[in-house]
Amino acid sequence: MGVIYYNGEFHDDAVSLDYNDRGYQFGDGVYEVVRVYEGRLFTAREHFERLVRSAGEIKMSAPKSVDDYIQICEQLVDRNDLVNGNIYIQLTRGVAARNHAFPVPATEPVTLMYTYTAERPLKGMQNGVKTISTEDIRWLRCDIKSLNLLANVLNKEKAVQAGAVEAIQIRDGVVTEGASSNVYRVKDGAIYTHPADNLILNGITRRVIKECSQELAIPFHEETFGHDDLLTSDEVFISSTTLEITPVNQIDDQVIGEPGPIVKKLQQAFETKIK
Ligand code: PDD
């Protein structure tokens, strides 16, 4: 397991979690996953700004500043000799006897951070992956990176049972996002993705992709599109911190085809940013 950061201290290999932690009992907390390339944190500031925002949206205040979090992550990477991998960060509302309402007096948030080695998902990035489409059964605050992931977990498992990598979620006929990724379609040379409102997570990779499209002069439209539009796309791809930019070659029984020119251009542009 390596060195873990837990509530202000670094621990070797293990920490004891309290069974009354509200993260454990209610999923009452928020999280982030930060990518590390060749020992360097990628877009860490954006991730921690989002963590602080997510905490605020559930009326919790993050105990440390963005700069402090970055510094702790750098120490964790160092102490674990992490080269390529991820850092998992979670904040819960704290420890209190089980009661749905917030504890009074307010509890101190519990912070946990650990690292793990993970190679880049190059095979899927090169060949594309199979996906399924399924109903988006989540709540209406998908912009918060909350620990409550049951709907995402159920949809992801449905994908895995179908031999697929991701579940593309559909709400009222509209494509929102994947169980753990953002979704894009390409039509006539332009990229379309769901607007960053309450129905999706505003992905950090999505923001990098937007920047890459601007640099490449590829039109990037934050507009909703339907399930039918998705199936008639020239290209479809998904993105996340762990999947990077992964082309989709199949949705249910519908074959989309080999990775296309736009996704390849974006992957090249992304590559220059992680170096
Ligand atoms: N998930 N949408 C959802 C629902 C997600 O869970 C994620 C990321 C994304 C992409 O966000 P980003 O580009 O910031 O990673 C979109 C992480 C990786 C996870 O839960 O493991």
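I began at K59, which I found in the loop between α2 and α3; helices here are DSSP runs of H or I of at least four residues, strands runs of E of at least two, numbered from the N terminus. The model is a predicted one, in which local features need pLDDT of at least 70, side-chain atom pairs count only at pLDDT 80 or more, and totals for chains, interfaces and linings use all residues. Residue numbers start from 1 along each chain as its sequence is written.

**Entry 1: backbone exceptions**

I noted for K59 a positive phi of about 60°, although K59 is not a glycine. K59 counts as exposed because it has 9 C-beta neighbours inside 10 Å. For this term I used C-beta atoms placed from the backbone: 20 or more others within 10 Å make a residue buried, 12 or fewer exposed, and counts in between partly exposed.

I then looked up D252, in the loop between β14 (244-251) and β15 (254-255). D252 is also not a glycine, and its phi is positive, near 50°. With 15 C-beta neighbours inside 10 Å, D252 counts as partly exposed.

In the loop between β5 and β6 I located P105. The peptide bond that joins V104 and P105 is cis, with omega about -5°. I recorded these cases because most residues other than glycine have a negative phi, and most peptide bonds are trans.

**Entry 2: the six-stranded sheet**

I traced an open sheet of six strands in the order β2-β1-β6-β5-β3-β4, with antiparallel pairing; two strands pair if DSSP finds at least two bridges between them. Which strands stand at the edges? They are β2 (9-12) and β4 (40-41); each has a single partner strand, so one side of each lacks a neighbour in the sheet.

Helix α2 (residues 44-57) packs on the sheet and touches β3 (29-37), β4 and β5 (85-92). Contact requires C-beta atoms, placed from the backbone, within 7 Å. The direction of α2 makes about 175° with that of β3; axes are lines fitted to C-alpha atoms, for helices over the stretch in contact, and angles between N-to-C directions run from 0 to 180 degrees.

I found helix α3 (residues 66-79) lying across β1, β2, β3, β4, β5 and β6 (110-117), at about 40° to β6. Strand β1 (residues 3-6) runs antiparallel to β2, and four bridges join them. In this pair V3 stands opposite D12 of β2.

I followed strand β7 (residues 129-135), which pairs with β8 in the parallel sense over five bridges. I132 stands opposite A167 in β8. From β7 the chain crosses through helix α5 (residues 150-161) to β8, and this β-α-β crossover is right-handed: with the strands pointing away from the viewer, the path from the first strand over the helix to the second runs clockwise.

Strand β8 (residues 166-171) pairs with β9 in the antiparallel sense over three bridges, and R171 stands opposite V174 in β9. The hairpin of β8 and β9 has two residues between the strands, and D172 there takes a positive phi near 50°. Is strand β9 (residues 174-178) largely enclosed or exposed? Four of its five residues are buried, so β9 is largely enclosed by the rest of the structure.

**Entry 3: the ligand shell**

I listed 15 residues around the ligand; L201, G203, I204, T205 and T241 come nearest. A residue is near if its C-beta atom, placed from the backbone, lies within 6 Å. The elements that give two or more residues to this shell are α6 (204-215) and β13 (235-240). α6 gives the most, with three residues.

Technical notes. Two residues are in contact if their C-beta atoms, placed from the backbone, lie within 7 Å.
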